[in-house]
Amino acid sequence: MAKSLRSKWRRKCRAVKRERYGAKELERLKKTLGINENGTQDVEMSEISKIATVVNAETIKENAKTNEDKEAQGTEKMDVDNGGRVYNKKTMRDQYGNYPVWMSKRKITKHKKGRAKTKKGTTRPQKRLTRRQKKQRNKSESKINSDN
């Protein structure tokens with residue numbers, strides 16, 4: 001598919017750009033590192049021992065063992081719960097009322113609608129009764145009371 005004249009021309013132009021930008025980038029790198037074309041350096045690198053300390057793996061392991069021994073002798077580690085959240089399987093919410101991070105917004109709204117349906121049967125309606133509804137309720141209550 002990419003064999004048309006236009007794509008060949010574009011490929012050629014990109015190759016030219018790559019060369020030009022590559023040279024500019026190399027110059028910029030040399031400038032930031034302080035390297036001149038003559039091969040001289042502005043900053044001389046000192047010995048590695050002055051910059052960093054070199055340590056064997058054996059000494060690191062020994063230090064770790066001694067630290068573990070100190071902890072075992074003196075103090076014990078505390079069992080700390082690192083903000084672990086406990087999710088309810090039925091409601092899918094944690095102790096703070098938040099849904100899990102991996103749950104999508106669409107799924108959360110769907111879940112909320114399902115919760116509303118289950119609550120609907122147990123709760124009373126919040127709206128006020130009309131006069132007609134109040135009359136009907138009073139009639140039914142009076143009928144029940146007269147029967148008893």
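A residue counts as buried when its relative accessible area is under 20%, as exposed when that area is over 50%, and as partly exposed in between, using a 1.4 Å probe and protein chains only. Keep that in mind as we look around this predicted model, where local features need pLDDT of at least 70, side-chain atom pairs count only at pLDDT 80 or more, and totals for chains, interfaces and linings use all residues. Residues are numbered from 1 along each chain as its sequence is written, and side-chain values use heavy atoms, leaving out hydrogens and water.

Let's start with Asp94, in the loop between α3 (57–73) and α4 (105–120). Asp94 has a relative accessible area of 7%, so it is buried. Its side chain reaches the backbone nitrogen of Asn98 at 2.7 Å.

Now hop over to Ser7, which belongs to helix α1 (residues 5–33); helices here are DSSP runs of H or I with at least four residues, numbered from the N terminus. Ser7 is buried too, because its relative accessible area is 17%. A polar atom of the Ser7 side chain lies 2.9 Å from the backbone oxygen of Ser4.

What does the charged end of Arg20 sit over? That would be the ring of Tyr21, with 5.4 Å to the ring's centre. To count, CZ of Arg or NZ of Lys must be within 6 Å of the ring centre and within 35 degrees of the ring normal.

Technical notes. Helix = DSSP H or I, 4+ residues; strand = E, 2+ residues; numbered from the N terminus. Polar contact = N/O pair within 3.5 Å; in protein donor to acceptor, adjacent residues only side chain to side chain.
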